Structure formats: structure tokens, C-alpha cells
Amino acid sequence: MKVLTHEDGVRAAAESVLGAEVAGVSRLPFGNVNEVFKVESGRSAYVVKVFRYAGWPESGKLPWVESQLTRA
């Protein structure tokens, strides 16, 4: 039986969303409650945050994060 790691789960989810093969997944040392991963696919890299609790992120948080990334 194959045991799935967090990285395996992130890889499967990213491939499903991206519609492309993921070349690498590595955990980043950010977040004290949630987990953050770098996902590499083709010539692109993405940051994936995995929330541990139901109801997270709170309402309005993701649009705020997107606006901050756009500004940067």
C-alpha cells in the first residue's frame, strides 16, 4: 500500500487545477498554522497554501491576498 504524503496530495491537486504535469513540490518554511508549498510545472512556479481548518480562509481573505500579490 502506498502512503500519500502532503506533497503527494498537493501534487495531485495542482495537476488537476493546472491540467499539466507537476515537476516538483517542496514545502516552504512559512506559516505557523497552515502549510505552504512551492509547485513547479513547466516553466512556471506557484505557491500553494493548504489550510488546516474548515472555514479558513475567512471571508474576503483570498481577494485581499490577490490584491496584495497584484500590487507587488
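So, A14: setting aside neighbours within four places in sequence, A14 is in contact with G19, V22 and V39, where contact means heavy atoms within 4.5 Å. Quick housekeeping: this is a predicted model, where local features need pLDDT of at least 70, side-chain atom pairs count only at pLDDT 80 or more, and totals for chains, interfaces and linings use all residues. Residues are numbered from 1 along each chain as its sequence is written, and side-chain values use heavy atoms, with hydrogens and water left out.

Okay, which residues make up the largest nonpolar core? There are six: V10, A14, V22, V25, F37 and V39. Such a core is a set of buried Ala, Val, Leu, Ile, Met, Phe, Trp, Tyr and Cys residues joined through side-chain atoms within 4.5 Å. Helix 1 and strand 2 are the elements giving two or more residues to this core; helices (H or I, at least four residues) and strands (E, at least two) are DSSP runs, numbered from the N terminus.

Now S41, in strand 2, residues 35-41. Is S41 buried or exposed? S41 counts as buried because its relative accessibility is 9%; buried is under 20% relative accessible area, exposed over 50%, partly exposed in between, using a 1.4 Å probe and protein chains only. The S41 side chain gets to the backbone oxygen of E21 at 2.9 Å. Leaving out residues up to four places away in sequence, S41 touches several residues, including L18, A20 and Y46.

That brings us to L18, which sits in helix 1, residues 6-18. With 32% relative accessibility, L18 counts as partly exposed.

Terms used
A polar contact is a pair of N or O atoms within 3.5 Å; within protein, one must be able to donate a hydrogen and the other to accept it, and residues adjacent in sequence count only if both atoms are side-chain atoms.
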